[in-house]
Amino acid sequence: MDSIGEISKETGYKDSLVITKDGFVSQAGGGVCQVSSTIYYAALNAGFPILERYNHSKAISYYAQAFDYGLDATIYPGQKDLRFKNQYPFGVILFSYYFDSTMQTLILAPTEIADVQIDLILKEVDHSQNSLIEVNKDENPNAQAKVIQNYIPKITTLWERKVNGQIDQISSNYRSQPKIIDYSNN
C-alpha cells in the first residue's frame, strides 16, 4: 500500500478488468497486477528471496504468454502484497518502464548478481469442472448471445528456482472458471 497508495478513480487509477468472486469486472486499478507480476519476475531472476507473493485466483492467459502459468503476482491493498528482500551487500535499483505495449523491469546493480535458473517442473490441467453458465436466456430467447467470460480449466504449476546452488519452489493454483454467456439485449 505504501508504494501504490489508495486505488480509486480519485487517486488517478483508471478502470480496467479485475478478478472478483463474481468473475471479471471493470473497476479502478485494473492492471496493477501486471506491474506486480513484472516486478516479481524481475525479483525472481535477480535471486531475491521472495517474502510474500500470491498468484491470481484464476489463470490469466496473458501472464502465461512468455513463460507459462505460475509466475504471476497479484496484489490487493491491505490483503495481498508482493514483498522481496535485497540480500546483496550493495544497493540495487529496479527500473520499470512501458515500451511498445509491454512493461519492462531492469535490475541495475554495481556488480554481477546471482546466477538464476527457473524451470517448470510440473503443470497439471484439470478440465473436470468445465461448465457453462447462461444468463438471461429465458427472458430473451431471441437475443444474440454474448460471451462474458471464457472457460478456463483448473491449473496447478510447480516451478523450481536455483540461485547459486540453492533451490526453492514456486507453486501456483488457479481455480476453474466457467464460460458465461449473456443473452440480454445490451
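I looked up Asn136 and found it in the loop between β8 (132-135) and β9 (146-149); helices (H or I, at least four residues) and strands (E, at least two) are DSSP runs, numbered from the N terminus. The model is predicted: local features need pLDDT of at least 70, side-chain atom pairs count only at pLDDT 80 or more, and totals for chains, interfaces and linings use all residues. Residues are numbered from 1 along each chain as its sequence is written, and side-chain values use heavy atoms, with hydrogens and water left out.

Backbone entry. I noted a phi near 65 degrees for Asn136, a positive value in a residue other than glycine. Most residues other than glycine have a negative phi. Asn136 is partly exposed, at a relative accessible area of 28% (buried is under 20%, exposed over 50%, partly exposed in between; 1.4 Å probe, protein chains only).

I then checked Asn164, which sits in the loop between β10 (154-163) and β11 (166-174). Its phi is positive, about 50 degrees, although Asn164 is not a glycine. Is Asn164 buried or exposed? I found Asn164 exposed, with a relative accessible area of 57%.

Core entry. I took a nonpolar core as a set of buried Ala, Val, Leu, Ile, Met, Phe, Trp, Tyr and Cys residues joined through side-chain atoms within 4.5 Å. The largest has 20 residues, of which Tyr40, Leu44, Leu71, Ile118 and Ile170 touch the most other members. Two or more residues come from each of α1 (32-46), β7 (116-126) and β10, and α1 gives the most, with five.
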